[in-house]
Amino acid sequence: MTETRPRTPPTFEQLRMMSGQELGVSDWTTVDQQRIDQFAECTGDHQWIHVDPERAKRQSPFRTTIAHGYLTLSIIGALALEMGIVPENTQAAFNYGFDKVRFLAPVKAGARIRLRTTLLSMEDRGPGQYLMKAANTVEIEGEQKPALTAETLVMMYERRKRAS
């Protein structure tokens, strides 16, 4: 499949007409042990399955450490920004929440993942305010099953036009 990343960011008006369409596919990014360890340090989640490669080699059904599910979930925002799907005239965009998050397959240390996003809806929430709902799939290179699926909710504010 070829990537469908927009060449230029869509406008808010264009996004409103794109419900049901794929917005893009990110580049591959590596989830290495250093990244997993940094996430563990930030969150305090030092479970051995994530941070102890020797023990994981011996005792894990995956024979290696795996990324925290929440690490994989948290990467969605950065990969979505990389795809260029936020309109250029956006003043601000904020995480509003998630719906239907499912962790389907582990991301093994050293694996490469990418994001595939489809717009579900673009709801007007007031003048220049939009709630974007998107279906996201985090794919693992070389694997049949995705790492996760999640519907993201993002509140976006359109930059106000200055009076001349």
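I count a residue as buried under 20% relative accessible area, exposed over 50% and partly exposed in between (1.4 Å probe, protein chains only). My model is predicted, so I take local features at pLDDT of at least 70 and side-chain atom pairs at pLDDT 80 or more, while totals for chains, interfaces and linings use all residues. Numbering runs from 1 along each chain as its sequence is written, and side-chain values use heavy atoms, without hydrogens and water.

**Aromatic pairs**

I searched the whole structure and found 3 aromatic pairs. Rings of Phe, Tyr and Trp (its six-membered ring) pair if their centres lie within 6.5 Å; planes under 30 degrees apart are stacked, over 60 edge-to-face, the rest tilted. I looked at Y70 and F103: the centres are 5.9 Å apart and the planes at 85 degrees, so this pair is edge-to-face. Y70 sits in helix α5 (residues 69-82) and F103 in strand β3 (residues 90-103), so the pair ties together parts 33 residues apart in sequence. Helices (H or I, at least four residues) and strands (E, at least two) are DSSP runs, numbered from the N terminus. Y70 is exposed at 59% relative accessibility; F103 is partly exposed at 44%.

Next I checked F94 and Y157. Their ring centres are 6.0 Å apart and their planes at 70 degrees, so I call them edge-to-face. F94 lies in strand β3 and Y157 in strand β6 (residues 148-158), 63 residues apart. Both are partly exposed, F94 at 47% and Y157 at 28%.
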